[in-house]
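Here is a friendly briefing to read with the model open beside you.

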Amino acid sequence: MDKKSIIGIVLIFLILVVFSYINRPSKEQIARQEHIRDSIAQVEQQKAIEQQRIQDEQEAQKKAISTGDTLGRQQLEQQKTAELGVFGAAAIGNEEFTTLENDRMIITFSNKGGRIYSVELKDYKRHDSTALVLFDGENTLFGLNFFAQNRSIHTEELYFKQVGGNKNIVVAGSEVKRGSEGLEKYNRKNPGESKSVSFRLEPMPGKYIEYTYTLSHNSYMVDFDVKIQGMKNYIDAKRSYLDFAFAYDVPRQERYSPRFGEDRYTYMTYNFFEGDENNLSKAKSDEKNLSTKIKWIGFKQLFFSSTVIADESFPNALVKQTIYKDNMQYLANFSTEIGIPYSGKQQEQTGMQFYFGPNHYQTLKQYGLGMERQIDLGYAIVRPVNKWLIIPVFNFLRKYIHNFGLIILILTILIKTVLFPFTYKSYMSQAKMRVLKPEVDEINEKYGKDQSKAMEKQQATMALYKKAGVNPMGGCLPMLLQMPILFAMFFFFPTSIELRGQSFLWAHDLSTYDSILDLPFNIPMYGAHVSLFCLLMSISNIIYTRVNQAATAGSQSMPGMKTMMYMMPVMFLFILNSYPSGLSYYYLLANLITIGQTFLIRRFFVDEEKIHAQLQANKKKPAKKSGFQKRLEEMAKQQQTAQRKRKR
């Protein structure tokens with residue numbers, strides 16, 4: 001590396017440091033952030049006070065019930081009846097739990113609200129190896145809201161009765177082979193059990209609201225049916241729908257990485273009926289009132305999601321997310337209020353489903369609802385590469401190979417093999433430019449540094465390339481054709497749940513960064529750790545740059561291009577240090593294979609003497625001008641004429 005290159009790299013580093021310093025928060029911004037934190041703390045304090053009040057009230061209820069305090073119970077019933085009318089008696093009770101379990105998850109229900117209390121995914125663990133729970137009951141809101149007898153009723157505050165007494169329901173079925181987890185196609189060939197659990201809120205005999213949950217073997221889908229029987233005299237039918245509220249604090253599942261981890265990918269999504277997938281703002285609090293029919297609403301994290309899906313459609317919904325900053329326990333609070341059609345008939349029933357599971361492309365796509373679009377596969381130009389090339393090949397290899405480091409290696413070899421013709425064409429173009437370099441130097445010496453002759457020098461150079469049959473852009477175009485795959489990987493690895501928890505060499509989890517050294521300080525744009533795969537990838541980038549410059553030595557290059565080429569590895573070192581180690585590992589392999597291909601081409605395919613002879617033979621052939629070339633020459637002549645006129 002020459003002196004100018006070193007100076008350029010140092011300047012870039014200083015620019016990054018100065019940029020970070022200039023863009024640090026001002027005193028006003030810091031004060032605003034402190035105010036926001038204080039406001040959040042105040043809200044949390046009020047929430048804690050309210051939870052304590054509810055807990056004290058529940059303890060008083062339990063004491064009155066358990067001690068047989070008849071007078072206390074009667075007073076409590078009178079109080080609740082005054083507050084809730086015919087639903088008052090249902091406000092008194094003891095909380096009990098029921099589980100519905102298949103081979104994919106354990107769903108815990110509470111009789112208080114007849115609600116889903118928590119969901120644990122059995123195939124996955126949190127980053128600290130504890131159970132992966134999508135949400136826990138203490139921070140969950142789940143139930144219908146409506147007016148009855150001029151009173152506001154919230155069913156999550158009322159006690160339901162379970163229909164049937166089994167508290168631990170297990171859905172059985174045959175063992176599922178690797179790669180078929182949650183796939184309905186597999187279930188059709190290997191059917192298992194399907195079981196239900198129902199909870200009923202019955203203020204009067206024969207008049208009730210009933211929730212029925214149904215779960216099948218090897219499924220992440222839970223059917224949820226709401227049946228309303230004989231409630232037309234109690235529930236106000238002036239509104240054409242009831243509100244179904246679902247909300248919870250989103251637990252942190254992955255290792256903390258605010259810039260490139262699950263903080264970046266945690267936001268609410270929704271899909272309009274017969275429409276496209278949309279989402280609230282990423283990485284900031286937001287809300288929307290959706291007045292158009294909705295098919296589903298998703299509570300999305302990086303690798304997992306909870307999604308409410310209508311059998312038909314929801315008439316309207318409010319979706320809201322509150323993002324928590326620097327919270328080590330929770331990422332955000334997601335909430336939605338969904339309109340449930342209600343017309344005041346003797347009997348009404350509404351069906352919906354819940355998806356509680358991984359953001360796995362193949363699993364989500366099978367439902368035909370567009371939920372797979374929640375997975376960020378990149379921009380429009382690279383998404384098809386991931387969708388039709390990378391993901392199918394990756395899933396195919398996964399069926400037969402369990403080591404994901406080996407899968408990435410094979411995937412890289414396949415991709416580089418497919419791209420080899422482009423690499424070869426690019427190198428051959430560079431070789432031709434090297435052969436013509438002496439003649440290009442002669443043209444430069446002939447016209448010198450006189451800016452008035454710059455156009456003539458350019459025309460002479462282009463004429464030389466044309467006569468020799470060399471395209472000066474021939475080395476760039478093949479590389480540009482490879483860019484969609486390069487960027488596709490940039491989006492694939494951070495969102496690929498298959499890599500989650502998979503170790504390789506020193507990397508304990510290929511879906512996050514592989515820290516071999518935690519720093520006692522934070523480097524702007526780099527972080528407070530050292531990723532070894534990223535470091536090796538950057539070193540391989542520098543080696544490739546050296547090899548590539550050796551291959552292009554003698555060819556014409558833009559001033560400062562060498563320095564720029566060495567700046568790129570340094571920039572990638574900063575950018576990718578906090579990205580998944582699987583991505584850095586892929587780029588490392590790709591660089592090493594490309595270096596090997598370069599030496600292979602140079603050793604066995606490139607004979608510069610033959611290339612020179614061919615170019616000289618091309619120069620003797622009569623050249624045909626295309627219409628585009630004629631227009632370029634005409635434009636050049638017009639510019640030359642205009643310059644002469646200005647001199648006069």
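**Charges over rings**

Arginine 255 lies over the face of tyrosine 513, 4.1 Å from the ring centre. Here a charge counts as over a ring if NZ of Lys or CZ of Arg is within 6 Å of the ring centre and within 35 degrees of the ring normal. Arginine 200 has its charged end over the ring of tyrosine 208, at 3.8 Å from the centre.

This is a predicted model, where local features need pLDDT of at least 70 and side-chain atom pairs count only at pLDDT 80 or more, while totals for chains, interfaces and linings use all residues. Residues are numbered from 1 along each chain as its sequence is written, and side-chain values use heavy atoms, with hydrogens and water left out.

**The chain overall**

- The chain has 14 helices and 22 strands, taken as DSSP runs (helices H or I, at least four residues; strands E, at least two) and numbered from the N terminus.
- Of its 648 residues, 47% count as buried; buried means under 20% relative accessible area, exposed over 50%, and partly exposed in between (1.4 Å probe, protein chains only).
- Among contacts (heavy atoms within 4.5 Å) between residues at least 6 apart in sequence, 68% join residues at least 24 apart.
- The chain exposes about 33800 Å², of which carbon and sulfur atoms supply 56%; accessible areas come from the Shrake-Rupley method with a 1.4 Å probe, and for residues only the protein chains shown count as cover.

**Aromatic pairs**

- A search of the whole structure finds 43 aromatic pairs; rings of Phe, Tyr and Trp (its six-membered ring) pair if their centres lie within 6.5 Å, and planes under 30 degrees apart count as stacked, over 60 as edge-to-face and the rest as tilted.
- Phenylalanine 246 and phenylalanine 354 form an edge-to-face pair, because their planes are at 70 degrees, with ring centres 5.6 Å apart.
- That pair links distant parts of the chain, with phenylalanine 246 in strand S12 (residues 241-251) and phenylalanine 354 in strand S20 (residues 347-358), 108 residues apart.
- Both phenylalanine 246 and phenylalanine 354 are buried.
- Tyrosine 586 and tyrosine 587 make a tilted pair, 5.6 Å centre to centre and with 50 degrees between the planes.
- Tyrosine 586 is buried at a relative accessible area of 3%, and tyrosine 587 counts as buried at 8%.

**A nonpolar surface patch**

- Leu505, Trp506, Ile516, Leu517, Leu535, Leu536, Ile539 and Ile543 make a nonpolar surface patch of about 680 Å².
- Patches are made of residues with over 30% relative accessible area and no salt bridge; like charges are joined within 9 Å and nonpolar side chains (Val, Leu, Ile, Met, Phe, Trp, Tyr) within 5 Å. A salt bridge is a side-chain nitrogen of Lys or Arg within 4 Å of a carboxyl oxygen of Asp or Glu.
- The elements that give two or more residues to the patch are strand S21 (515-523) and helix H10 (532-552), and H10 gives the most, with four residues.
- Leucine 536 is found in helix H10 and is partly exposed, with a relative accessible area of 31%.

**Positive phi in a loop**

- Most residues other than glycine have a negative phi.
- Glutamine 149 has a positive phi of about 55 degrees although it is not a glycine, and asparagine 150, also not a glycine, has a positive phi of about 60 degrees.
- Glutamine 149 is in the loop between strand S5 (140-148) and strand S6 (151-154), and asparagine 150 is found in the loop between S5 and S6.
- Glutamine 149 is partly exposed, at 35% relative accessible area, whereas asparagine 150 counts as exposed at 81%.
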